[in-house]
Amino acid sequence: MSRESSLFKQSFFAAIWNGSENLSIQILNLAFGIFFARLLSPEDFGLVALATVMAGFLDLFIDSGFGSALIQAKDPSENQKSSLFWLNIMIGVFLGFIFFLSAGFLANFYEDTRLIAITQIISLNFILSSTVPVQLALLRKELNMKLIFKGRIAALLLSGGISLALAYYGFGYWSLVARVILTSFFFAAMLWLLSGWLPKLHYQFKDVKSFLNFSLPLLGSNLVGYLSRNLDSLIIGKIIGKVSLGLYNRGFQLVVIPGTQINGMLAQTLFSSFSKRQDNNELLYRSFKIVFKIVLLVSVFSGVYIFINAPLLIDVLLGDKWTAVTPILRVLTLYAAILPAVKLVGILFNSKGATQKLLKISLVVFPIYLLAVFIGANFGAVGVAYGIFISMIISGIPQLNASLKLIDKNLLTLMKSGWTSYILYILIYGALFWFVGDIDTFSNGMKLVGLPLIIFGALTFFWYWINKEEAQWLMQLIRKNLGRNKSNS
């Protein structure tokens, strides 16, 4: 078997496992989220979100981009792996200590003393998170998504089950705090049991130094990106209130997080495989083009589906006390519909090792986002949702064009290659919105399941017909890679 064929095989089955992981995560999070929403109040969710958003920002420093640098590196030594591991541990302990000490500041800033204990408990999460980045990177480098799948699902089931029991017995927001800690604990435990890699008692800065040119700019862009994704929550929590934040975050969980997971699934798998063929621009572009079209097909359809069915979805899934999330959810669908396609730009930047360019673009984009969120906050949580959508429209086009230039293409080339698909989307979605006036004639089951499946099936068929040549190329790769032996399963 040729090296390229073997790589395609690894990439394909890695995508299968990664896709299974993300689909399972979405189903489990949706199921647990529904039960938690019925047991807890919007204020409970908003209160915990105030602490976890800040914790998530600091958590980025634990990996510091070294995990991606390890994947991108062609042949890292055992000394380098061990040095990265112990550096992550030191950073995790330091950040946990800093976050513990910041408890009083957060409580004063948001004027809620309950945040002191919440913040102090969540500080343990930094130590737990610091134990997994190297193992995770090594598994992804080898495209061994199967083990990651097992660890992630086991962690979600165990932590979700225990935390849900706590919510049922009246522990309120503490059940959400417990879920954060337990998820990290069980995932770390599973990776240590399954990965097969153990660090040596070795640390030297020279082993880490070679990764800095790649990792530090990536860390910078990740930090800016995280702020861009979460500053809206911080502003809502401070200016509008915890109840509004709880409503906003529920909407985000229902509509934006699934799209982010789609992008994360593709990013993890494609980054590993693209990095191994980073010098073949034509192959990169052809693969990226197909992925871009598929992502757009799925994400735009999902956005339209949720927009139309938002009131019914909220009523069925969350209950009457979450009715106020409906207008927020509908605006967020606009954002979520194009988010995965725009966010694909990071894959090309990272695969080509152009993290410094990615950082520069992130620094240009962030002020646009910041201004839009602050202006939107004057109109409540719905205004913030409109703000992040508008900022992404303004900044997304230049980002996508800049990423394509890395492989000697541009956005106009990409648009020309898929113009028939985009016209198809407009026609079908236009017809769907025209039809929504008579949608009350259908049962709830037909609205939520039957009609969407019929429409998406027809849309997929026409998409295949319009993109037949590219779809056949992709299917040939899949058929070629299905003949793997059992040792690779």
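Is arginine 114 buried, partly exposed or exposed? At 29% relative accessibility, arginine 114 counts as partly exposed, where buried means under 20% relative accessible area, exposed means over 50% and partly exposed lies in between (1.4 Å probe, protein chains only). The structure is a predicted model, in which local features need pLDDT of at least 70, side-chain atom pairs count only at pLDDT 80 or more, and totals for chains, interfaces and linings use all residues. Residues are numbered from 1 along each chain as its sequence is written, and side-chain values use heavy atoms, with hydrogens and water left out.

**Overall architecture**

- The secondary structure of the chain comprises 22 helices and zero strands; helices (H or I, at least four residues) and strands (E, at least two) are DSSP runs, numbered from the N terminus.
- The chain has 489 residues, of which 57% count as buried.
- Of the contacts in the chain with a separation of 6 or more, 83% are between residues 24 or more positions apart, a contact being heavy atoms within 4.5 Å.

**Salt bridges around arginine 114**

- The whole structure contains two salt bridges, each defined as a side-chain nitrogen of Lys or Arg within 4 Å of a carboxyl oxygen of Asp or Glu.
- One of them joins the side chains of glutamate 43 and arginine 114 (3.1 Å, N to O).
- This pair links distant parts of the chain, with glutamate 43 in helix α2 (residues 42-63) and arginine 114 in helix α6, 71 residues apart.
- Aspartate 112 also forms a salt bridge with arginine 114 through their side chains (2.7 Å, N to O).
- Glutamate 43 counts as partly exposed, at 32% relative accessibility, whereas aspartate 112 counts as buried, at 9%.

- Helix α4 (residues 78-101) packs against helix α5 (residues 103-110) at an angle of about 45°, with their axes 4 Å apart; axes are lines fitted to C-alpha atoms, for helices over the stretch in contact, and angles run from 0 to 180 degrees between N-to-C directions.
- α4 and α5 are therefore oblique to each other, since angles under 35 degrees count as roughly parallel, over 145 as roughly antiparallel, 65 to 115 as roughly perpendicular and the rest as oblique.
- Phe99, Phe100 and Leu101 of α4 make this contact with Ala103, Gly104 and Leu106 of α5.
- By class, the contact of α4 with α5 has five nonpolar, one polar and no charged residues; Ala, Val, Leu, Ile, Met, Phe, Trp, Tyr, Cys and Pro count as nonpolar, Asp, Glu, Lys and Arg as charged, and the others, Gly among them, as polar.
- Glutamate 111 is in the loop between α5 and α6 and counts as exposed, at 68% relative accessibility.
- The phi of glutamate 111 is near 55°, a positive value in a residue other than glycine.
- Most residues other than glycine have a negative phi.

**Packing of α6 with α10**

- Helix α6 (residues 114-122) and helix α10 (residues 173-194) have axes that come within 10 Å and cross at roughly 20°.
- α6 and α10 are therefore roughly parallel to each other.
- The crossing of α6 and α10 is right-handed; a crossing is left-handed if the near helix is turned anticlockwise from the far one by less than a right angle, and right-handed if clockwise.
- Arg114, Ala117, Ile118, Ile121 and Ile122 of α6 make the contact with Tyr173, Trp174, Val177 and Ile181 of α10.
- This contact of α6 with α10 has eight nonpolar, no polar and one charged residues.

**Packing of α15 with α18**

- The axes of helix α15 (residues 326-343) and helix α18 (residues 380-405) come within 9 Å, crossing at roughly 15°.
- α15 and α18 are therefore roughly parallel to each other, and α15 passes α18 in a left-handed crossing.
- Residues in the contact include Pro327, Tyr335 and Val342 of α15, and Ala381, Phe389 and Leu400 of α18.
- The residues of the contact of α15 with α18 divide into 19 nonpolar, one polar and no charged.

**Two buried residues in helices**

- Asparagine 125 lies in helix α7 (residues 124-129) and is buried, with a relative accessible area of 14%.
- Leaving aside neighbours within four places in sequence, asparagine 125 is in contact with Val180, Ile181 and Ser184.
- Proline 452 is in helix α21 (residues 444-466) and counts as buried, at 11% relative accessibility.
- Proline 452 and tyrosine 305 are 7.0 Å apart in space, C-alpha to C-alpha, and 147 residues apart in sequence.
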